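Please look through the structure below before reading the notes that follow it.

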Amino acid sequence: NVMQHWRKRYARQKKQKNAIKYILSQSSIKPPCEVTLTRIAPRMLDAEDNLPSSLKASKDAVADFLVPGLQSGRADGDSRIKWLFKQEKGRVREYGLKIELTPQDTL
């Protein structure tokens, strides 16, 4: 939710997506699965509106890994993936993301 020039935001999100894809490359989980994205930050966001939008780039990166071959940003609509969003309060200037992938027999 930082207001900044689109190029800076794009560069930041690209770094985040590359880091997520690198971490997930060591995982063998494929859909159907449940993905829990937990935002860690000093300030809590509104769970209904702001939290999902703040995790959109991360959600796209995870979905692109789980469902390869689709246009970027389209894979998160796959019905075999259940998305959960959570948040934890962090210390001052502590920001992070926790990604949990849980295989599911049926969704």
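The points below are grouped by topic. This is a predicted model. In the whole structure, 6 salt bridges are found, and helix 1 and helix 3 cross in a right-handed way.

**Helix packing**
- Helix 1 (residues 6-24) and helix 3 (residues 56-66) have axes that come within 9 Å and cross at roughly 40°.
- The two helices, helix 1 and helix 3, are therefore oblique to each other.
- On helix 1 the contact is made by Gln13, Lys17, Ile20, Lys21 and Leu24, and on helix 3 by Ala57, Ser58, Asp60, Ala61, Val62, Asp64 and Phe65.
- Sorted by class, the residues in this contact of helix 1 with helix 3 are 6 nonpolar, 2 polar and 4 charged.

- Lys82 and Glu34 form a salt bridge through their side chains, at 3.8 Å from N to O.
- Lys82 is in strand 2 (residues 81-89) and Glu34 in strand 1 (residues 33-41), 48 residues apart.
- Lys82 counts as partly exposed at 40% relative accessibility, whereas Glu34 counts as buried at 18%.
- Lys98 and Glu88 form another salt bridge, at 2.9 Å from N to O.
- Lys98 lies in strand 3 and Glu88 in strand 2, so this pair ties together parts 10 residues apart in sequence.

**Other charged residues**
- Glu94 and Arg91 meet in a salt bridge at 4.0 Å, N to O.
- Arg91 counts as exposed, because its relative accessibility is 62%.
- Lys56, Asp60 and Asp76 are linked in a network of salt bridges.
- Asp105 is in the segment after strand 3 (96-103), and with 77% relative accessibility Asp105 counts as exposed.

Technical notes. Residues are numbered from 1 along each chain as its sequence is written. This is a predicted model: local features need pLDDT of at least 70, side-chain atom pairs count only at pLDDT 80 or more; totals for chains, interfaces and linings use all residues. Side-chain values use heavy atoms; hydrogens and water are left out. Axes are lines fitted to C-alpha atoms, for helices over the stretch in contact, and angles run from 0 to 180 degrees between N-to-C directions. Helices (H or I, at least four residues) and strands (E, at least two) are DSSP runs, numbered from the N terminus. Angles under 35 degrees count as roughly parallel, over 145 as roughly antiparallel, 65 to 115 as roughly perpendicular and the rest as oblique. A crossing is left-handed if the near helix is turned anticlockwise from the far one by less than a right angle, and right-handed if clockwise. Contact means heavy atoms within 4.5 Å. Ala, Val, Leu, Ile, Met, Phe, Trp, Tyr, Cys and Pro count as nonpolar, Asp, Glu, Lys and Arg as charged, and the others, Gly among them, as polar. Buried means under 20% relative accessible area, exposed over 50%, partly exposed in between (1.4 Å probe, protein chains only).
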